[in-house]
Amino acid sequence: MKRRLRGAAVAAAASFCAVVLCGIPAPAAVDLSVGIRHVSPDGSAQECSEKARTALSAFLQNASESSAGSGEWIASGQNPRAGAVTAAATVRCYPLAKGYVVTFTCAVQLPDNPYGADALCLDVAHKFYGGTIAPLAAMPQPTPVPTGCSTVNLVGTWVADDKPGLTLTADLNGNMTDNEGVSGNWGLKGTTVTLTYYGEHTLTLSSDGKHMRGGGYSFTRRC
């Protein structure tokens with residue numbers, strides 16, 4: 001029985017990881033935790049499922065049974081800064097003649113998640129059977145998008161003063177896209193703007209952050 005359960009847990013972990021956290025771009029990696037197992041000498045499969053849902057919901061979201069009556073409960077957590085699922089766990093209940101066996105499997109995406117798979121699984125397991133819970137690191141909050149005419153970035157929409165219809169929209173990551181979808185990049189050091197857009201151009205940002213001129217261009221920021 002133990003051998004069969006261990007093999008099933010490993011197989012479930014591999015499937016779980018592939019489905020929930022598949023396709024992540026480099027340099028991200030999946031941290032996997034498998035092996036925590038708890039045996040209850042009494043209790044029903046229904047009791048196990050209720051405790052599994054409660055334990056998962058304490059740390060993740062959307063806890064649900066993979067299929068009705070399967071005893072496999074899955075939940076996930078989203079990092080708001082990454083804008084995607086970066087943590088997930090599954091709790092699997094196996095009924096016995098008396099009591100049940102429950103296994104815990106976790107996977108997290110690193111470095112976009114602030115805690116590892118072992119820490120997550122340990123807390124979910126402890127929540128399930130009443131062990132000591134260690135606080136998990138907080139998820140980082142999304143960085144607010146700057147507004148106004150800042151003098152330390154070019155975020156916003158820039159309208160060409162001498163080229164009717166031309167606008168450039170700049171984001172905080174140094175990307176810039178015009179109104180026809182042509183992309184470029186920007187850099188700012190002091191008041192010197194380096195604009196890569198149909199070549200590289202050097203412009204000067206005004207002291208109020210509202211204008212930039214030079215290199216054959218003149219723009220005014222909407223702010």
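This is a predicted model: local features need pLDDT of at least 70, side-chain atom pairs count only at pLDDT 80 or more; totals for chains, interfaces and linings use all residues.
The strands form an open sheet of 5 members, in which the order is E1-E5-E4-E3-E2 and the pairing is antiparallel. Strand E1 (29–40) and strand E2 (61–65) are the edge strands, each of them pairing on one side only, and from one strand to the next the twist averages 15 degrees. Within this sheet, strand E3 (residues 72–79) is joined to strand E4 (residues 84–95) by 8 bridges in the antiparallel sense, and Trp73 stands opposite Val91 in E4.

Helix H2 packs on the sheet, where it touches E2, E3, E4 and strand E5 (100–110), and the direction of H2 makes about 165 degrees with that of E4. Helix H3, in turn, lies across E1, E4 and E5, and runs at about 150 degrees to E5.

The two helices also pack against each other: H2 (residues 45–57) and H3 (residues 117–129) have axes 8 Å apart and meet at an angle of about 135 degrees, which makes H2 oblique to H3. The crossing in which H2 passes H3 is right-handed. On the H2 side, the contact is formed by Cys48, Lys51, Ala52, Thr54, Ala55 and Leu56, which meet Val124, Lys127 and Phe128 in H3.

Definitions and conventions: Residues are numbered from 1 along each chain as its sequence is written. Side-chain values use heavy atoms; hydrogens and water are left out. Axes are lines fitted to C-alpha atoms, for helices over the stretch in contact, and angles run from 0 to 180 degrees between N-to-C directions. Helices (H or I, at least four residues) and strands (E, at least two) are DSSP runs, numbered from the N terminus. Angles under 35 degrees count as roughly parallel, over 145 as roughly antiparallel, 65 to 115 as roughly perpendicular and the rest as oblique. A crossing is left-handed if the near helix is turned anticlockwise from the far one by less than a right angle, and right-handed if clockwise. Contact means heavy atoms within 4.5 Å. Two strands pair if DSSP finds at least two bridges between them.
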